[in-house]
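Biologist: Before I rely on any label attached to this protein, I would like to hear what each one rests on. Could we look at the structure together and take the labels in turn?

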Amino acid sequence: MTPTATATPDRLAETVSACRELIETRFAGDVERGAAAMLLDDGTILTGTAPDVANPSVEICHETEPFAAAFRLGRAIVASVCLAREAPGRFVVLSPCGVCRERLAGHGPDVRVAVPGDTGTRGDPAWITLGEALPHYWAAVFDDIPWR
Ligand SMILES: [Zn+2]
């Protein structure tokens with residue numbers, strides 16, 4: 001199954017909804033929270049969030065949980081979104097940080113990543129490919145890296 005076959009507009013929208021829903025249900029009384037969601041090649045949507053820790057130097061990205069779960073399940077990631085709630089009902093899209101881009105790179109340049117869109121406050125993203133987010137990916141020179 002190719003990433004483009006799975007990453008339909010409807011499935012991408014459902015992935016964003018799952019991310020938003022996790023924030024709204026898990027953190028109902030705690031406004032400034034975030035979460036991530038990833039769409040897998042079999043259509044599964046995984047969500048995750050970063051646990052609270054006492055020492056900020058050991059915090060992890062919200063994407064870490066669904067990223068690790070995809071590996072546990074042996075599935076390819078085809079899309080990833082991370083949202084933060086800034087105020088009640090107001091979400092912003094966090095494009096994947098450098099570490100998360102590096103992690104996602106193992107799934108190839110066609111992975112869709114959510115970046116801030118220009119409409120609304122529901123965290124509706126624009127979608128670009130990881131190849132667009134990493135136009136000069138360092139490991140692309142190696143033949144065994146799935147990059148074009
Ligand atoms: Zn990250």
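**Labels and their grounds**

Modeller: Let me begin with the aromatic residues, where Tyr 137, Trp 138, Phe 142 and Trp 147 form one cluster; please keep in mind that this is a predicted model.

Biologist: Why is the pair of Tyr 137 and Trp 147 called tilted?

Modeller: The ring centres of Tyr 137 and Trp 147 lie 4.5 Å apart, and rings count as a pair if their centres lie within 6.5 Å. Their planes meet at 40 degrees, whereas stacked requires under 30 degrees and edge-to-face over 60, so the pair is tilted. A search of the whole structure finds three aromatic pairs.

Biologist: Which parts of the chain does the pair of Tyr 137 and Trp 147 tie together?

Modeller: Tyr 137 and Trp 147 each lie in the segment after α5, so the pair ties together parts that are ten residues apart in sequence. Both residues are buried, and both are among the members of the largest nonpolar core that touch the most other members. That core has 16 residues, and the elements giving two or more residues to it are β1, α3, α4 and α5.

Biologist: What makes Ser 80 buried or exposed?

Modeller: Ser 80 has a relative accessible area of 4%, and the cut-off for buried is under 20%, so Ser 80 is buried. Ser 80 sits in strand β3, which spans residues 77-87. Leaving aside neighbours within four places in sequence, its contacts include Leu 104, Arg 112, Val 113 and Trp 127. Val 113, for its part, touches Ser 80 and also, among others, Pro 96, Ile 128 and Leu 130, again not counting residues up to four places away.

Biologist: How do you know which protein atoms are donors of the zinc ion?

Modeller: An N, O or S atom is taken as a donor if it lies within 2.8 Å of this metal, and the SG atoms of Cys 61, Cys 97 and Cys 100 lie 2.2 to 2.3 Å from the zinc ion. The donor residues follow the spacing C-x35-C-x2-C. Cys 61, in the loop between β2 and α3, and Cys 97, in the loop between β4 and α4, are 36 residues apart and link distant parts of the chain.

Biologist: Why are Cys 61 and Cys 97 called partly exposed?

Modeller: Partly exposed covers values between the 20% limit for buried and the 50% limit for exposed. Cys 61 has 26% relative accessibility and Cys 97 has 32%, so Cys 61 counts as partly exposed, and so does Cys 97.

Technical notes:
Residues numbered from 1 in each chain as written. Predicted model: local features only at pLDDT ≥ 70, side-chain atom pairs only at ≥ 80, totals over all residues. Heavy atoms only, no water. Helix = DSSP H or I, 4+ residues; strand = E, 2+ residues; numbered from the N terminus. Buried < 20%, exposed > 50% of the residue type's maximum accessible area, 1.4 Å probe, protein only. Contact = heavy atoms within 4.5 Å. Core = buried A, V, L, I, M, F, W, Y, C linked by side-chain atoms within 4.5 Å. Donors = N, O, S within 2.8 Å, 3.2 Å for Na, K, Ca; no water. Phe/Tyr/Trp six-rings, centres within 6.5 Å; stacked < 30°, edge-to-face > 60°.
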